[in-house]
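User: I have a two-chain model open and would like to go through it with you. Can we take it piece by piece?
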Amino acid sequence: MEKRVIFKGWMLPALLLLPQIVITAIFFFYPAGQAIWQSMFVPDPFGLKTQFVGLGNFEYLLGDPYYRASFVTTAIFSGLVTVVSMGVALYLAILADRLIKGSGTYRTLLIWPYAVAPAVAGVLWMFMFNTRVGVVAWYLGLLGYDWNHVLNEAEAMGLVVVASSWGRISYNFLFFLAGLQAIPRSVIEAAAIDGAKFWTRFRTIVWPLLSPTTFFLLVVNVVYAFFETFGVIHTITAGGPQQATTILVYKVYSDGFVGQDLGSSAAQSVILLVLVGLLTVIQFKFIERRVHY
Amino acid sequence: MKIKTLNLALVASMAWGTAASAQTEIQWWHAFTGRLGELLDAQVALFNSNQSDYKVVATHKGNYSETLNAGIAAFRAGEQPHLLQVFEVGTATMMAATGAIKPVFEVMQASGLEFDPNAYIPAVTGYYTNADGQMLSFPYNSSTQVLYVNRDKLAEAGIDPDVDLSTWEAWDGVLTQLKDAGVTCPYTTSWQSWVHLESFSAYHDVPFATKENGFGGFDTELVFNGPLQVAHIDQLGKWAQDGKFIYAGRRNEAGANFRGGECALFTESSAGYAGVKAEAQFAFDIRHLPYWDSVEAAPQNTIIGGASVWIMEGKPAEEYAGVAAFLNFLSSPEVQAKWHQDTGYLPITTAAGELTKSQGFYAANPGTEIAGLQMTRNTPTENSKGLRLGSFDQVRTIIDEELEGVWSGQKTAQAALDSAVERGNQLLRRFEQANR
């Protein structure tokens, strides 16, 4: 049973809602509206003249095979970042959860990478894997592997995925650990007494009870991979080699701020807006059903 | 006692503050940091101390792209600086912005200061002039491509360090010898599009784009997929497959490999000289950019890169007089010669080049005169005057992407250049539309 509080008039609830609505309107609806408005024009960079093109910008974008390919790149990239950062975090959280001594230190150490800004993380990984001076690239060379993410598309994708996931693992780890510790010991112990091995206990008890946390992290991580990984890509590959790591949000930047093509950039923002909206709806509609709160 | 001194200093600085505010301030936004930023600040300080009417305030606004964006955003907000440094690929964007910029020749004429367009080196200023040859922006820092040779590396491989590398025909043998001798990086380049397509086309007198490489109008189309460019990229692609050409990145990443002594041969901007000189632990020399001897028109002249300074519209007339005085100061032979010698950028006036020569700089630093000679060896043709293409930074990215396909062996030179031309043309059409 849910508890519902019923207000008598409409003034007080409206007043209470007002701050949130004002903030949302100013910081979300207004810029989004601007983006939609601008996406229908082809302006010159200085704003001296502008031409209405209706849906012309969208037509131009969707007719471009390289832009369409960027959707696939983004899907692969976000999928990998989400799976890697959540998978590793879950593994580490399970280990930390079983730890009796020194778990505090272990946790603190694991949280550190989260404090590193994506662009800085990008630079760190770039130096480690630099094809000529990178430490890791050099060791790989000793093992007879010629690391070259400057030309090898799979290696470039792998590198940006790892660099983007790295800091994210800490964040996910925290949530997973909290989620694991919220699972009642008694349930797990009862299963253990009944002879359930670790893997069975995990599959039948821990994973279902952890699902609200997992679902929350899934949404948050997909959004992260879509929007906040820009700094990593910018510093490591700048979208290359060829277009192997040009994800949608990077293209918004390069068309808008490098190419000064504001119409196309605005149209791409609108497409991204719709895409992420759709993804979130899908996640809530289909995946949330399988979540046990 | 201490407090008294402090107070005195405070009063003095306040007095200085009032004196300074009586001057007209000229804002200059630029993209230079490090050593170049220091040299730029030194120029500004010299100008400010030489006269008392104007005070130039130089502000760093990030890299070239960021500086351009800052200028554009400021113009939209009505807060633009007087002077804005814009890289050469942004030239068409700035030129098209009638109403946002003031041509240099107009400001100079209005100022009544002496301004002789013939004093400037045409191969340098040509990039920034209109169809009538009038100067639109001031060529502040211009460089061109030269070949850097690691002499020790050649000697180690059993090759005469003075081996002929002036034509691409001579290269295959040398690269093979280097490779066979175990050199891991026989040849590398920075700025692949600039060196191997843009300047390559000018140097061999073939068009990069129609309508005089875009000088003739916005309805220009890319044509760098001609047989000569394809043959050249194809050759580089083969060298890349054989490990004779090592690709390090789209910008100047390769510089680290050369300066570190790994690479034997390196094509890079003449402005890279200061860095190579400071870091190289080996004997090196600078040579002309190679050309295909089989092409009759080669060597024509190479084209420039770097940046120019644009004057922004919307300031009072007396402030433009200050702008003119500053540009006049920058053009003086002494200032130009010092800039050229300190940075490796080209001198923009003939007088500055001659002054550098008479000061004995070229004799003391062999190779530094090559860039200037290479630019001025011929009168520029319509193929070698420069490039004026909209969205050119993006076009370069497309070229980079396609060339990477060739270096990794996934695409043929013909397919890559055809695709780059087709994709680039779409951007040119959008630029044309935005500036209709």
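User: Which residues of chain A does the UniProt annotation "transmembrane region" cover?
Analyst: Bear in mind that this is a predicted model. According to the unreviewed UniProt entry, the annotation "transmembrane region" covers residues 12-30, 71-96, 108-128, 205-227 and 266-287 of chain A.

User: What is the chain doing over residues 12-30 of chain A, helix or strand?
Analyst: Residues 12-30 of chain A are 100% helix and 0% strand. The end C-alpha atoms of that span are 25 Å apart.

User: And residues 266-287 of chain A, how far apart are the end C-alpha atoms there?
Analyst: They lie 31 Å apart. Residues 266-287 are again 100% helix and 0% strand.

User: How many helices and strands in chain A overall?
Analyst: Chain A has 12 helices and two strands. Along the sequence the order is α-β-β-α-α-α-α-α-α-α-α-α-α-α. The C-alpha trace spans about 75 × 75 × 30 Å along its principal axes.

User: What share of chain A counts as buried?
Analyst: Of its 293 residues, 31% are buried. As for contacts in chain A between residues at least 6 apart in sequence, 69% of them join residues at least 24 apart.

User: Let's look at α3(A). What span should its 34 residues have?
Analyst: Helix α3 (residues 65-98) of chain A should span 50 Å at 1.5 Å a residue. Its end C-alpha atoms are 50 Å apart, so the two values agree.

User: Which residues of α3(A) are buried?
Analyst: Among them are A:S70, A:T73, A:T74, A:F77, A:S78 and A:V81. Further along, A:T82, A:S85, A:M86, A:A89, A:L90 and A:A93 are buried too.

User: What covers the buried residues of α3(A)?
Analyst: The cover includes α7 (153-181), α9 (198-227) and α11 of chain A.

User: Moving to chain B. Which domains is it divided into?
Analyst: Chain B has domain 1 (2-142 + 305-364) and domain 2 (145-302 + 390-434). The C-alpha centres of these domains of chain B lie 31 Å apart. Their contact takes 11 residues from domain 1 and 14 residues from domain 2.

User: Where does the largest share of the domain 1 side come from?
Analyst: Helix α4 (residues 91-96) of chain B supplies it, with three residues. By class, the side of domain 1 that touches domain 2 has six nonpolar, four polar and one charged residues.

User: Last one, α5(B). Which of its residues are buried?
Analyst: In helix α5 (residues 104-111) of chain B, the buried residues are B:V104, B:V107 and B:M108. They are on the same side of α5(B), because they cover an arc of only 100° around the axis.

User: What covers the buried residues of α5(B)?
Analyst: The cover includes β4 (101-102), β5 (138-143), β10 (305-312) and α14 (317-331) of chain B. Just after α5(B), B:G112 has a positive phi of about 75°.

Terms used: Residues are numbered from 1 along each chain as its sequence is written. Chains are lettered from A and ligands numbered from 1 in the order in which they are written. This is a predicted model: local features need pLDDT of at least 70, side-chain atom pairs count only at pLDDT 80 or more; totals for chains, interfaces and linings use all residues. Helices (H or I, at least four residues) and strands (E, at least two) are DSSP runs, numbered from the N terminus. A residue is buried if 20 or more other C-beta atoms lie within 10 Å of its own, exposed if 12 or fewer, and partly exposed in between; C-beta atoms are placed from the backbone. Two residues are in contact if their C-beta atoms, placed from the backbone, lie within 7 Å. UniProt positions are given in the numbering used here, feature names are shortened, and annotations may be inferred rather than shown by experiment. Domain bounds come from an automatic or database domain assignment. Ala, Val, Leu, Ile, Met, Phe, Trp, Tyr, Cys and Pro count as nonpolar, Asp, Glu, Lys and Arg as charged, and the others, Gly among them, as polar. The expected span of a helix is 1.5 Å times one less than its number of residues. The arc is that of the directions from the helix axis to the C-beta atoms.
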